[in-house]
Amino acid sequence: MTESDSGFDAGGFDEAELTASLVPGEGDAEAGLRPKSLDDFIGQPRVREQLQLVLAGAKQRGASPDHILLSGPPGLGKTSLAMIIAAELGTSLRLTSGPALERAGDLAAMLSNLVEGDVLFIDEIHRIARPAEEMLYLAMEDFRVDVVVGKGPGATSIPLEVAPFTLVGATTRSGALTGPLRDRFGFTAHMDFYEPAELQRILLRSARILGVELGAEAGAEIAGRSRGTPRIANRLLRRVRDYAEVRADGVVSREVARAALAVYDVDELGLDRLDRAVLGALVRSFGGGPVGVSTLAVAVGEEAGTVEEVCEPFLVRAGMVARTPRGRVATAAAWEHLGMVAPPDAVLGGIEVRAAEPPPGLFDRS
Ligand SMILES: Nc1ncnc2c1ncn2[C@@H]1O[C@H](COP(=O)(O)OP(=O)(O)OP(=O)(O)O)[C@@H](O)[C@H]1O
Ligand SMILES: [Mg+2]
């Protein structure tokens with residue numbers, strides 16, 4: 001599992017870790033910080049409770065639980081939860097990802113190797129190829145697949161039994177999932193950003209595992225800049241540790257944390273270089289918007305998917321970017337954060353206000 005685990009993390013590296021300062025070898029550090037059981041998993045109380053019920057119910061009946069979909073922004077613990085699900089069920093986890101399942105045959109090979117009760121984890125399941133997706137429908141519902149052999153009129157389909165398994169799918173874009181696929185999951189866990197207090201607990205746990213002396217106040221300081229995301233919290237902790245060991249006495253105090261985060265360009269809200277680039281382009285180049293996400297991505301030299309899945313969710317949540325039908329709009333908070341004064345209509349959310357015409361007659365006093 002360790003082998004496939006680190007392989008998997010490397011696969012996710014491109015998109016999710018683009019702004020990261022990860023060096024080879026730290027993938028192991030991240031794996032070591034993964035919570036191993038539901039009790040170990042901090043935060044997400046609703047998801048944890050729901051999942052606990054799903055798993056306990058299945059265990060009582062001695063059956064495999066329903067297929068589970070984990071949806072939410074990168075770094076919130078979807079992969080960790082998938083591993084926890086297998087661990088709690090006492091079964092083994094088979095790992096693959098949507099982009100790896102290009103042909104139906106890729107999936108058929110994966111499915112035919114499953115043992116009863118196995119958990120099949122498909123990461124980035126929204127990127128699965130169409131033929132594989134159609135095969136997956138049948139496998140999820142009836143635990144069988146039809147393998148087509150040959151081509152043209154002579155082609156025959158051979159039915160193949162699949163051992164009862166639980167599919168765990170993870171996606172950063174549940175909206176991109178087709179309806180039929182989404183419908184076949186018995187339970188969807190919606191992961192949300194973490195509260196600072198939860199991140200602080202995660203940081204204290206990680207510090208204990210890494211053997212870093214981290215004060216509660218320093219933990220709060222890092223937590224506040226982690227954009228609601230455990231992966232970022234852990235990453236910042238490792239950077240702060242470097243600073244503490246090289247430039248201080250190794251102890252992470254609040255001052256040390258602040259100084260280190262300044263060096264790494266992480267501001268008070270936790271925005272990093274890419275976030276600020278996106279905000280800067282939106283405000284400076286496009287006058288606050290509205291502008292399409294692909295244009296914005298080109299302006300910062302980044303892929304649209306990265307801007308949309310990695311930066312935007314947090315910027316929207318922080319109230320700095322609004323999504324409107326005509327594109328992305330900077331709110332007054334965004335202008336302020338960049339030390340600029342918002343134009344008057346931005347204060348009210350820009351285009352949304354302008355687009356909404358008052359109903360005729362409302363302001364008509366005659
Ligand atoms: N609830 C949690 N408690 C403690 N640590 C956590 C928690 N959630 C996530 N982490 C930490 O954050 C890291 C990232 O989590 P994980 O890889 O599971 O995220 P993910 O949702 O799968 O991200 P991606 O969408 O990029 O694949 C893990 O290495 C783990 O250490
Ligand atoms: Mg993951």
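Two strands are taken to pair if DSSP finds at least two bridges between them, and helices (H or I, at least four residues) and strands (E, at least two) are DSSP runs numbered from the N terminus. The structure is a predicted model, in which local features need pLDDT of at least 70, side-chain atom pairs count only at pLDDT 80 or more, and totals for chains, interfaces and linings use all residues. Residues are numbered from 1 along each chain as its sequence is written, while chains are lettered from A and ligands numbered from 1 in the order in which they are written.

In β6, threonine 166 is the bridge partner of valine 119. The strands concerned, β3 (residues 119-123) and β6 (residues 166-171), run parallel and are joined by four bridges. Both belong to an open sheet of five strands, ordered β2-β3-β6-β1-β7 with parallel pairing. At the edges are β2 (93-97) and β7, each of which pairs on one side only. From one strand to the next, the twist averages 20 degrees.

Helix α8 packs against helix α9 (residues 216-224) at an angle of about 120 degrees, with the axes 8 Å apart; axes are lines fitted to C-alpha atoms, for helices over the stretch in contact, and angles run from 0 to 180 degrees between N-to-C directions. The two helices are therefore oblique to each other (under 35 degrees counts as roughly parallel, over 145 as roughly antiparallel, 65 to 115 as roughly perpendicular, and the rest as oblique). Pro196, Leu199, Gln200, Leu203 and Leu204 of α8 meet Gly219, Ala220, Ile222, Ala223 and Gly224 of α9, where contact requires C-beta atoms, placed from the backbone, to lie within 7 Å.

Finally, the UniProt record (unreviewed entry) places the feature "binding site" at several residues, including Leu33 and Tyr194; its positions are given in the numbering used here, feature names are shortened, and annotations may be inferred rather than shown by experiment. Leucine 33 lies in helix α2 (residues 26-33) and counts as buried because it has 20 C-beta neighbours inside 10 Å (buried means 20 or more other C-beta atoms within 10 Å, exposed 12 or fewer, and partly exposed in between, with C-beta atoms placed from the backbone). Beyond four places in sequence, leucine 33 touches Ser206, Ile209 and Asn234. Tyrosine 194 sits in the loop between β7 (187-190) and α8 (196-210), and this residue is buried, with 25 other C-beta atoms within 10 Å.

Note on methods:
Two residues are in contact if their C-beta atoms, placed from the backbone, lie within 7 Å.
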